[in-house]
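Thanks for taking a look at this one. Below are some notes to read alongside the coordinates, point by point.

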Amino acid sequence: MPHLLHTLAARWAAPAAALGLLAACSNNPNGESAGDATATTDSAATTMPADTASAAAPKPVQPTGAKPAWGPSIKPEMQAVIETLAGLGGKPIETLTAPEARQQPTPADAVMKLMQQNNIPMPPVTADTMSRVVMPGVKVRIYTPKNATGPLPVVVYYHGGGWVIANLDTYDASVRGLVDQTGAIFVSVAYRQAPEHKFPTAHNDSFGAYQWVLKNAASFKGDPANVAVAGESAGGNLACAVSMMARDKKVQLPKHQLLVYPIAGYDMNTPSYQKNAQAKPLNKAMMGWFFDKYLRSAADGKSPLISLVSANLKGLPPTTVITAELDPLMSDGQLLADKLKAAGVPVKFQNYDGVTHEFFGMAAVVPQAKEAQALGGGELKAALMK
């Protein structure tokens, strides 16, 4: 969500951070250029200057100040990211318009700066990308492991940003890391965003993209019978909603769903909302801003597509839920996992202590992110190999 990064899987840090930096400077909320519809080369490989990473040995990432009052248990690497982000001078998202919010410094910028300061080098690129238009206003970016022959499993991925901010570039590293972990093709969806497009637009776009993948997977070396879904934050909400929509409309169900700190309810008085009301990079006020921008009214917040914890969850695919301790959405994810289990759905739940919202893609600098990527990717791979 806010300032969203989702950078860097353990081996994808530099390219993704560079892309996140570009995204923060872009006016295009979908992170795609006008001519990107048929791009087949990997943009991440060319966005970072050759001299960005020093030849010197990498140094440990360490914070410089005291732990924040809202995060007494914060891990040092996570704290360093938050400190660096604060130093970039961004304004509180909840005080801005949506276009202004999309221009703010992101955790991607903070990670890039930390990488430069600590001589963390740019890793090799192991996935090629191309873009396709799947319906009016909706594009996808398809990540294919290099030298893949297919047919390969496919994961449809939904990025975060509160349905309002961030784009495909912002979450590029998370996707690349999961491609590396699974060996699957990933299809990252640029759904239309609020307030220009209110609820349920992002949800309908997400389901439409999923249906497009089922019909067209063979055209990009994918196996249409072997498809899963994944998402982070608002994207985690979308992934689970897509599974529910597929069930209700008698469409092929995903084989698995990976939900990383999903928005799963409209209640902003849960234990984690109260405990982490002032956390960074996501806080309670920002969540209220996201809801205000996406929902048409408070009644939309009670929709099962938003309030997943109150929805009928029976018959959904096996699920992995990952949460962060220092995150207003931690209780959402935990309650959703409990509700899924009660509905008879096989669930793997893992909370990571000492880290914040957006940690998942930061594996180059945050050790817990590396662990979470391995867990999420491993669960996806196991489901898709069956």
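Two strands count as paired when DSSP finds at least two bridges between them. Helices (H or I, at least four residues) and strands (E, at least two) are DSSP runs, numbered from the N terminus. Please bear in mind that the model is predicted: local features need pLDDT of at least 70, side-chain atom pairs count only at pLDDT 80 or more, and totals for chains, interfaces and linings use all residues. Residues are numbered from 1 along each chain as its sequence is written, and side-chain values use heavy atoms, with hydrogens and water left out.

1. Let us begin with the strands. β5 (residues 222-232) pairs with β6 (residues 257-260) in the parallel sense over 4 bridges, and A230 stands opposite L258 in β6. From β5 the chain passes through α7 to β6 in a right-handed β-α-β crossover (with the strands pointing away from the viewer, the path from the first strand over the helix to the second runs clockwise).

2. β5 has another partner to look at: β3 (residues 152-158) runs parallel to β5, joined by 6 bridges. Here L152 stands opposite G222 in β5. Strand β5 is mostly covered, with 8 of its 11 residues buried (buried means under 20% relative accessible area, exposed over 50%, partly exposed in between, using a 1.4 Å probe and protein chains only).

3. Next, the nonpolar cores, each a set of buried Ala, Val, Leu, Ile, Met, Phe, Trp, Tyr and Cys residues joined through side-chain atoms within 4.5 Å. The largest has 68 residues, and Y158, W163, Y210 and F220 touch the most other members. Helix α7 (residues 234-248) gives this core its largest share, 9 residues. Apart from it lies another core of 46 residues, including V61, V111, L178 and A372.

4. Which residues does Y210 touch, not counting those up to four places away in sequence? They are V156, Y158, V227, V229, V242, A246, V251, Q252, L253 and P254, where contact means heavy atoms within 4.5 Å.

5. The aromatic pairs deserve a look too; the structure holds 9 of them. Rings of Phe, Tyr and Trp (its six-membered ring) pair if their centres lie within 6.5 Å; planes under 30 degrees apart count as stacked, over 60 as edge-to-face and the rest as tilted. F207 and Y210 are stacked because their centres are 6.5 Å apart and their planes are at 25°. Both lie in helix α6 (residues 201-216), 3 residues apart, about one turn of the helix. F207 is buried at a relative accessible area of 5%, and Y210 is buried at 0%.

6. W289 and F290 make an edge-to-face pair, 5.4 Å centre to centre with 70° between the planes; W289 and F290 are both buried. Ring pairs also link W163, F199, Y266, F291 and Y294 into a cluster.

7. Helix α4 (residues 107-117) is largely enclosed by the rest of the structure, because 8 of its 11 residues are buried. Among the buried residues are D109, V111 and M115. Just after α4, N119 takes a positive phi of about 60°.

8. Finally, T320 in strand β7 (residues 319-326) counts as buried at 0% relative accessibility. The T320 side chain makes a polar contact with the side chain of H256 at 2.8 Å (a pair of N or O atoms within 3.5 Å; within protein, one must be able to donate a hydrogen and the other to accept it, and residues adjacent in sequence count only if both atoms are side-chain atoms). Not counting residues up to four places away in sequence, T320 touches H256, Q257, L258, L259, K348 and E379.
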